[in-house]
Amino acid sequence: MKISDINISELFNRHFKWVKISIMIAAYGYLIYTFINFEHYDEFSSYFKNYGLENVKYLFFCLLLMPLNWFLEAIKWKEVLKSVQRISFWTSVKSVLIGLTSGFFTPNRVGEPVGRTFILNDGNKTKGVICSLICTLSQTFATLFFVCLSLLGVAQYIPHIDGDEISLIRTIAVIGLTLVSVLYFTLPFWIRKIKSNSQKIKNIIEAISLISYRRLLEVSLYSILRFAVYTFQYYLMLRFFSIDMGMLLSLIIIPINYFLVSITPSVAFAEIGIRGTYAILLLGAFTANTVGVALSAVGLWFLNYVIPMLVGSLLLVKTNRNEKNSDTLG
């Protein structure tokens, strides 16, 4: 079943209370399952005892950047949604965090776009899902943007390759960056070229067409800035666990690591294992402290995803049918 086939407004109107309860049970159930099956509590305890006080400044700054990460996403969501419904910044924050909760237990977070529409007026929910997908697309663009930049620099750190191979990798990176940029920024043009007799498809085309080139550029810049914040957070978490690969190398490898995590089919609660595995595979190639590498991935996952998800679940509980449509427009 496609998103366009779902009458989201009708679903929420008839089953709003049970939708909330189901999301809460599933999200907390999966979170408890993750904590019960986590196998590195001893290593975490050891690192905090041995390095916690010495390196706590890195964790502190990483924690300070967490609200900025999600505030940038809220600004982006507010801008994309402006063509459908105007909401305040704090309502946008609430919407993003509720979406985070609803996506926590679904494969590749597919429930997140629907969760974000909880705060929208009834007639705007389907278009809101499309707007949320545009936000996801812009973040994918930012990820690919940084991956291509990483490929430009990573070649010099790969052992046993000659100058021609380095040039080839960098050429591929430049071509990839060009193609990604052209395809992304011409999306509204190609969408408007689609012809269909289906009213549902026409509604999707209309929702995407409402995004102007200028707004698309704005949200892409927010996505790039958000990815930069995430990358620096990851570097700080590595330093907290006493891994010093050098800032430049760390900032080169982290986007490639995140890209591999993002394209691997998974449920959000299972990302803890996937993130650790890729971290050891990539970052572990440049340090002997593979346990610290894995714990850095887990720590950032908890900081950037679990904590905001818990906040979002509390906001979801407080959301009801009467107040969710009462936001000040304009």
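Predicted model: local features only at pLDDT ≥ 70, side-chain atom pairs only at ≥ 80, totals over all residues.
Colleague: How many helices and strands does the protein have?
Modeller: Helices (H or I, at least four residues) and strands (E, at least two) are taken as DSSP runs, numbered from the N terminus. From the N terminus on, the elements run α-α-α-α-α-α-α-α-α-α-α-α. The secondary structure therefore comes to 12 helices and 0 strands.

Colleague: What percentage of the 330 residues is buried?
Modeller: Buried means under 20% relative accessible area, exposed means over 50%, and partly exposed lies in between, with a 1.4 Å probe and protein chains only. Accessible areas come from the Shrake-Rupley method with a 1.4 Å probe, and for residues only the protein chains shown count as cover. The protein exposes about 16,100 Å², of which carbon and sulfur atoms supply 67%. Of the 330 residues, the buried ones make up 48%.

Colleague: Is Val-219 buried or exposed?
Modeller: Val-219 has its place in helix 9, and its C-alpha atom is separated by 9.0 Å from that of Glu-73, 146 residues apart along the chain. Contact means heavy atoms within 4.5 Å, and Val-219 touches Lys-76, Glu-79, Val-80, Ser-138 and Tyr-184 when residues up to four places away in sequence are not counted. Because its relative accessibility is 1%, Val-219 counts as buried.

Colleague: Which residues does Thr-231 contact, leaving aside its neighbours within four places in sequence?
Modeller: Thr-231 is also placed in helix 9. Its relative accessibility is 5%, so Thr-231 counts as buried. Leaving aside neighbours within four places in sequence, its contacts are Leu-251, Ile-254 and Pro-255.

Colleague: Against which helices do the buried residues of helix 6 pack?
Modeller: Helix 6 has 23 residues and reaches 33 Å from its first C-alpha to its last, close to the 33 Å expected at 1.5 Å a residue, where the expected span is 1.5 Å times one less than the number of residues. Its buried residues are Ile-166, Ala-173, Gly-176, Leu-177, Val-180 and Tyr-184. These buried residues pack against helix 5, helix 7 (187-192) and helix 9.

Colleague: Which helix gives the most to the lining of the largest pocket?
Modeller: On a 1 Å grid over the protein atoms alone, a pocket is an open set of points with protein on both sides within 12 Å along at least five of seven lines, a cavity is a set where a 1.4 Å probe fits but cannot get out, and lining residues have an atom within 4 Å of a point. Grid points are joined across faces, edges and corners, and a volume is the space filled by probe spheres set on the points; the largest pocket has a volume of about 920 Å³. Of the 34 residues that line this pocket, Arg-109, Thr-136, Gln-139, Tyr-258 and Ser-262 lie nearest its centre. The most, 8 residues, is given by helix 5.

Colleague: Which helix supplies the largest share of the lining of the largest cavity?
Modeller: The structure holds 1 cavity of 30 Å³ or more, and the largest cavity has a volume of about 40 Å³. Its lining consists of Tyr-230, Tyr-234, Asn-257, Val-261, Arg-275, Ala-297, Leu-300 and Trp-301. The largest share of that lining, 3 residues, comes from helix 12.

Notes. Residues numbered from 1 in each chain as written. Heavy atoms only, no water.
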